[in-house]
Amino acid sequence: MSTTAPDPLAALADLPGVTDSVDSVRKAVDRVYGHRVMRRRSNEVTAEAALRGARGSAALSGADWDLEEVRRRTDFSADAEGRIVGAALRLTAEAGQLLSIWRQSPQRVLARLHLVAAGGAAPDDAVGRPRVAGEPVDEPLVEAPLPGADEVAGRLEGLSRLIVAGSSAPALVVSAIVHGELLALRPFGSHNGLVARTAERIVLIGSGLDPKSICPAEVGHGEQGRAAYVAAFDGYLSGTPEGMAAWIAHCGRSVELGVRESTAVCEALQRGAA
């Protein structure tokens with residue numbers, strides 16, 4: 001007799017308020033995908049969503065630049081903020097190319113994302129691998145206690161197994177948990193926030209919720225601000241049903257704000273103003 005392993009993420013969809021968030025996100029995504037501009041100019045919307053998503057993620061990591069500054073720059077290596085923005089842009093460009101690998105080996109994808117984010121800015125032996133005992137972590141936004149290297153390895157393996165096995169949970173729930181777990185673990189010596197938000201994007205694209213990558217949650221995370229992001233993340237760290245539901249709802253609101261941004265892009269394209 002065969003048995004089916006329990007799906008630990010599915011239960012999260014039943015937490016109070018989560019079903020409403022899932023339904024609200026789905027309706028918002030369906031609306032923007034139904035916009036008439038998407039029939040002929042979806043590639044332009046995707047490109048603009050990538051730019052704006054990178055800008056939002058970089059803002060949370062300490063480089064809060066105007067969109068036009070991000071658009072204008074060609075050299076992102078001159079200072080620390082520029083390197084953060086450059087890393088966010090590289091990660092956004094890389095995300096869509098890793099979908100098939102993500103389904104088979106999430107840890108390979110995470111290693112690749114860190115390599116892309118670091119871009120030569122970290123010692124070679126520390127790039128693209130989880131940190132070992134005693135290695136420092138540069139992630140000033142998150143002040144929570146840092147899990148030890150053995151715990152990181154175990155939880156990464158567990159997260160990888162969940163992703164490879166698949167889940168019946170809605171894409172919003174899975175993406176929020178992947179994002180929150182990576183932010184909690186901070187598995188790399190640097191760029192963990194950027195990597196976590198990119199992994200969230202990969203789940204949203206690969207799940208089929210946002211296959212054209214036009215609903216950048218990073219925009220919404222950035223728009224809601226660092227204080228709201230940290231407060232919601234504290235809920236994830238608490239592990240309580242209320243805290244987990246609050247984190248998932250925050251991520252859902254971020255997707256909706258990303259949808260609003262891309263809807264504005266569609267309207268501008270329709271008017272010939274973009």
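## Packing of α7 against α8

In this predicted model, helices α7 and α8 are roughly antiparallel to each other, because the angle at which they pack is about 170° and angles over 145 degrees fall in that class. Helix α7 spans residues 149-165 and helix α8 spans residues 171-185, and their axes lie 11 Å apart. The crossing in which α7 passes α8 is left-handed.

On the α7 side the contact is made by Val 152, Arg 155, Leu 156, Leu 159 and Ile 163, while α8 contributes Val 178, Glu 181, Leu 182, Ala 184 and Leu 185. Sorted by class, the contact of α7 with α8 comprises 8 nonpolar residues, 2 charged residues and no polar residues.

The loop between α8 and α9 contains Pro 187, a residue that is buried, with a relative accessible area of 2%. Leaving aside residues up to four places away in sequence, Pro 187 touches Arg 129, Pro 130, Arg 131, Val 152, Leu 156, Leu 182 and Asn 192. Among these neighbours, Val 152 and Leu 156 of α7 and Leu 182 of α8 also take part in the contact between those two helices.

Pro 187 and Ala 199 are 12 residues apart along the chain, and their C-alpha atoms are separated by 13 Å.

## The enclosed helix α10

Helix α10, covering residues 217-224, is largely enclosed by the rest of the structure, because 6 of its 8 residues are buried. The buried residues are Ala 217, Glu 218, Val 219, Gly 220, His 221 and Gly 222, and they pack against α2 (38-60), α8, α9 (192-206), α11 and α12 (241-271). Just after α10, Gly 225 adopts a positive phi of about 95°.

Across the whole structure, a search finds 5 aromatic pairs. In the pair formed by Phe 233 and Tyr 236, the ring centres are 6.3 Å apart and the planes meet at 10°, so the pair is stacked, given that planes under 30 degrees apart count as such. Both residues belong to helix α11 (residues 226-238), where, being 3 residues apart, Phe 233 and Tyr 236 are separated by about one helical turn.

Phe 233 and Tyr 236 are both buried. Together with Tyr 229 and Trp 247, Phe 233 and Tyr 236 form one aromatic cluster.

Definitions and conventions: Residues are numbered from 1 along each chain as its sequence is written. This is a predicted model: local features need pLDDT of at least 70, side-chain atom pairs count only at pLDDT 80 or more; totals for chains, interfaces and linings use all residues. Side-chain values use heavy atoms; hydrogens and water are left out. Rings of Phe, Tyr and Trp (its six-membered ring) pair if their centres lie within 6.5 Å; planes under 30 degrees apart count as stacked, over 60 as edge-to-face and the rest as tilted. Helices (H or I, at least four residues) and strands (E, at least two) are DSSP runs, numbered from the N terminus. Buried means under 20% relative accessible area, exposed over 50%, partly exposed in between (1.4 Å probe, protein chains only). Axes are lines fitted to C-alpha atoms, for helices over the stretch in contact, and angles run from 0 to 180 degrees between N-to-C directions. Angles under 35 degrees count as roughly parallel, over 145 as roughly antiparallel, 65 to 115 as roughly perpendicular and the rest as oblique. A crossing is left-handed if the near helix is turned anticlockwise from the far one by less than a right angle, and right-handed if clockwise. Contact means heavy atoms within 4.5 Å. Ala, Val, Leu, Ile, Met, Phe, Trp, Tyr, Cys and Pro count as nonpolar, Asp, Glu, Lys and Arg as charged, and the others, Gly among them, as polar.
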